[in-house]
Amino acid sequence: MEVLIIYLRLYMTTRITEALGPFKRYAIWVQGCERRCAGCISEDSQPIDGGYRLEITDLAADIINTLDIEGITISGGEPYLQEESLVSLISLVRAKRDLGVIIYTGFIFDEIKDNKLTAHADIIIDGEYINKLDDGRSLRGSSNQNVIFTTNRYKEYTNMYGMQGRKAELRIKNEKVMLVGIPDKNTYKILKGEQP
């Protein structure tokens, strides 16, 4: 009997963050995005062949065993470029734990509303990042992006999205500084070594 091994190409993960949605969350940044939005905060996640590959069973086990989390946030890169693998990952995790799922995507909701991955999400934050529309509001990059509650799981947290001010965290992993969350423009410039 042949065993099917499914991989995800990842840019990075972090086990616990409070910067990407309600509650403590496991965050996943997939690798690969063809949009190349000007001002993207995770440019290194854009090359399709960058990052690293990980079996979804290993990632699912890590998520399941991270006890202090309420959910998963998936960003990138572009999650919908790895739709099948992410659907399999979420299914494996939810077979063991009831975790919420938030997905950031460059697609607009009408393009993905009937997609299998969308059916596994509780919130979709849609739309390309547009630098000139970056208004500094919470949990989205620019004002063109919409927050779509596809289930009722997080309905009472609608006020968290689009508030003035942002939360971001810095992490050090494998001697590399990682930014978690959506920083304001001045913080992002400082992190890039530019004048705010």
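Predicted model: local features only at pLDDT ≥ 70, side-chain atom pairs only at ≥ 80, totals over all residues.
Trainee: How many helices and strands does the protein have?

Mentor: Helices (H or I, at least four residues) and strands (E, at least two) are DSSP runs, numbered from the N terminus. From the N terminus on, the elements run β-β-β-α-β-α-β-α-α-β-β-β-β-α. That makes five helices and nine strands.

Trainee: What is the radius of gyration of the protein?

Mentor: The radius of gyration is taken over C-alpha atoms, and the globule rule is 2.2 Å times the number of residues to the power 0.38. For 196 residues the rule gives 16 Å, and the protein is close to that, so it is as compact as a globular protein of that length. The C-alpha trace spans about 60 × 40 × 35 Å along its principal axes. The radius of gyration is 16 Å.

Trainee: What share of the residues is buried?

Mentor: Buried means under 20% relative accessible area, exposed means over 50%, and partly exposed is in between (1.4 Å probe, protein chains only). Of the 196 residues in the protein, the buried share is 47%.

Trainee: What share of the contacts with a separation of 6 or more comes from residues 24 or more positions apart?

Mentor: Contact means heavy atoms within 4.5 Å. Among contacts in the protein with a separation of 6 or more, residues 24 or more positions apart account for 64%.

Trainee: Is Glu169 buried or exposed?

Mentor: Glu169 lies in strand β8. Its relative accessibility is 16%, so Glu169 counts as buried.

Trainee: Which residue's side chain makes a polar contact with the side chain of Glu169?

Mentor: A polar contact is a pair of N or O atoms within 3.5 Å; within protein, one must be able to donate a hydrogen and the other to accept it, and residues adjacent in sequence count only if both atoms are side-chain atoms. Leaving aside neighbours within four places in sequence, Glu169 is in contact with several residues, including Ile16, Glu18 and Met178. The polar contact, at 2.8 Å, is with the side chain of Thr17.

Trainee: Which residues make the nonpolar surface patch of about 340 Å²?

Mentor: Patches are made of residues with over 30% relative accessible area and no salt bridge, where like charges are joined within 9 Å and nonpolar side chains (Val, Leu, Ile, Met, Phe, Trp, Tyr) within 5 Å. Accessible areas come from the Shrake-Rupley method with a 1.4 Å probe, and for residues only the protein chains shown count as cover. The patch is made by Leu170, Ile172 and Val177.

Trainee: Which residue forms a salt bridge with Asp62?

Mentor: A salt bridge is a side-chain nitrogen of Lys or Arg within 4 Å of a carboxyl oxygen of Asp or Glu, and the structure holds eleven. In this one the closest N and O atoms are 2.9 Å apart. Asp62 lies in helix α1 (residues 56-64) and its partner in strand β1 (residues 7-17), so the pair ties together parts that are 47 residues apart in sequence. The partner is Arg15.

Trainee: How many residues apart are Arg35 and Glu128?

Mentor: Arg35 forms a salt bridge with Glu128, and their closest N and O atoms are 2.8 Å apart. Arg35 is in the loop between β2 (25-30) and β3 (52-55), while Glu128 is in the loop between β6 (123-126) and β7 (146-149). The pair links distant parts of the chain, 93 residues apart.

Trainee: Which residues are linked with Asp98 in a network of salt bridges?

Mentor: Asp98 is exposed, with a relative accessible area of 61%. Arg153 forms a salt bridge with Asp98, the closest N and O atoms being 2.9 Å apart. In the network, Asp98 is linked with Arg25, Glu70 and Arg153.

Trainee: How far apart in space are Pro47 and Ala61, C-alpha to C-alpha?

Mentor: Pro47 lies in the loop between β2 and β3. Pro47 touches Gln31, Gly32 and Arg36, not counting residues up to four places away in sequence. Pro47 and Ala61 are 14 residues apart in sequence, and in space the distance is 27 Å.

Key: Residues numbered from 1 in each chain as written. Heavy atoms only, no water.
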